[in-house]
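Me: I have a fold to go through with you, and I'd like to take it piece by piece. Could you look at it with me?

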Amino acid sequence: MARKRALVVDDSKSARVILSRMLEKYDIEVDMAESAEQAIEYLKHDRPDAIFMDHLMPGMDGLQAVQAIKGNPQTAMIPIMMYTSQEGELYVGQARALGAMGVLPKQVRPVDVSKVLYELHLLPDRRDMTEAVLAPVELEGGAPVERTPVAAPAAGATTDWGRRVETAVKNQGVDVRRFIVASLDSFASRIVSDVRNSMPAPALEPPPPPAPSRNTVWPWAAGLAAACLLAASFAASWFVTREDLAKSRAEVAGLTSANAELQRARLDLSTSVKDLTAALTAASTSIGAAAGAPAGAGSSGLAARAEPVPYGEIPFDRGRLDALRDLLEKLEAQGFHGVVKITSLSGQFCLSGNATDGYALGAASLPASKCDVVGNPFEESLSGQQRQSLAFANLIAGVRQRTGGAITVAIEDAGTTHPTVPYPARVEALTAGEWNRAAAANNRVEFAAEPASGQ
């Protein structure tokens, strides 16, 4: 039987190596690609039996790559499994809607890999591998007889099998230890990158840093302590027994809990930073108004409108796509020359849930003080390319091409700096429904057309 072949697509070298080693243990040939563009070029001349696709990559991301592969009749039948740290029912549903079979988390266990390989038909069904104990044979006289069952193995053979099983368990333990250490390195790199990206740009006169709160410091310290303890335990144990494996699994479960606390702390930190940015912007606007320079001077255009964005939808799609199409058609008919500015503003919603299972709008009667998170983690998780649909991007490129560059479109993410509706005071009687009505009004996309100078 020919060996199965899989394509692993990930911009992280360590992630590619970890998954490829797991697949090679099942006698599967592995080809690797560093980007979605390289994977699509690979598929022009090769046809793997399955594809493992990362989500967040420079250039084309994983979901866009899945859409392109499934849109090509020559590659549409290749099964695709997302290999990513993204979690939650919303992401899994989005991946399956585009054609992926499911999601394989990067913090994966060897038993999870086996299940996925059976789903992708990269491993034969166990029922097809069994053989009959008795099989008929033909003698020279033509009378069929049955083979006798194989005799029980000798005592020496049993001892040899015992040694093989013990060696296999030790090797598996070493592989598990290497996998967990590599996963910790990858997880730490992503946390550092997320925190750096969430920090605001330095101001000319930065305010004094706020005193660190207990809620943001202790979860980081707890996560760091858990990681250090886990690394020390693996360095001390050179060989892993079955009891050591069970203890390691318990430590990994504790690390997962610390991970959830770290995610919650990161969201709290991001909300605090955005509130501080909004306060600085408001102060700057007040100073400009007092000096005789009205806020927003020069930003009024030929046409302006705003469209709401329901929580959980990407900003540049659906109703916002129709609004932009209508505005561009009118401007093009008028012979407009200039820039159409599209600004995305985020509302701060009262949410229930957690970073592992995802967040949803809190019940209308829920006290606002009981919200698990006040913010917009869905939009914060989107990269620049993920904030707009393919149809939205094609519309922007098309109008520029049709008008010869007379009409251009500029996209800006303003975050939470310009709320249209003020949020209610946080009193004891405040409910999630009252708070989310203000958040829904502030979660919007604004369109404004500014003519070129001299028009």
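Me: What order do the five strands of the open sheet have, and is the pairing parallel or antiparallel?

Reply: Bearing in mind that this is a predicted model, the five strands form an open sheet in the order 2-1-3-4-5, and their pairing is parallel.

Me: Which ones are the edge strands?

Reply: Strand 2, covering 29–33, and strand 5, covering 102–105, are the edge strands, since each of them pairs on one side only. From one strand to the next, the twist averages 25°.

Me: And how many bridges join strand 1 and strand 3?

Reply: Strand 1 (residues 5–9) and strand 3 (residues 50–53) are joined in the parallel sense over four bridges, and within that pairing Ala6 has Ala50 of strand 3 as its bridge partner.

Me: OK, helices now. Which strands does helix 1 touch?

Reply: Helix 1, residues 13–24, packs on the sheet and touches strand 1, strand 2, strand 3, strand 4 (80–84) and strand 5, with its direction at about 165° to that of strand 2. Helix 3, residues 62–70, also packs on the sheet, where it touches strand 3 and strand 4, and its direction makes about 170° with that of strand 4.

Me: How do the axes of helix 3 and helix 4 cross?

Reply: They cross at roughly 25° and come within 9 Å, helix 4 being residues 89–98; an angle under 35 degrees counts as roughly parallel, and therefore helix 3 and helix 4 are roughly parallel to each other.

Me: Which residues meet there?

Reply: From helix 3, Leu63, Val66, Gln67 and Lys70 meet Tyr91, Gln94, Ala95 and Leu98 of helix 4. By class, that contact has five nonpolar, two polar and one charged residues.

How values were computed:
Residues are numbered from 1 along each chain as its sequence is written. This is a predicted model: local features need pLDDT of at least 70, side-chain atom pairs count only at pLDDT 80 or more; totals for chains, interfaces and linings use all residues. Side-chain values use heavy atoms; hydrogens and water are left out. Two strands pair if DSSP finds at least two bridges between them. Helices (H or I, at least four residues) and strands (E, at least two) are DSSP runs, numbered from the N terminus. Axes are lines fitted to C-alpha atoms, for helices over the stretch in contact, and angles run from 0 to 180 degrees between N-to-C directions. Contact means heavy atoms within 4.5 Å. Angles under 35 degrees count as roughly parallel, over 145 as roughly antiparallel, 65 to 115 as roughly perpendicular and the rest as oblique. Ala, Val, Leu, Ile, Met, Phe, Trp, Tyr, Cys and Pro count as nonpolar, Asp, Glu, Lys and Arg as charged, and the others, Gly among them, as polar.
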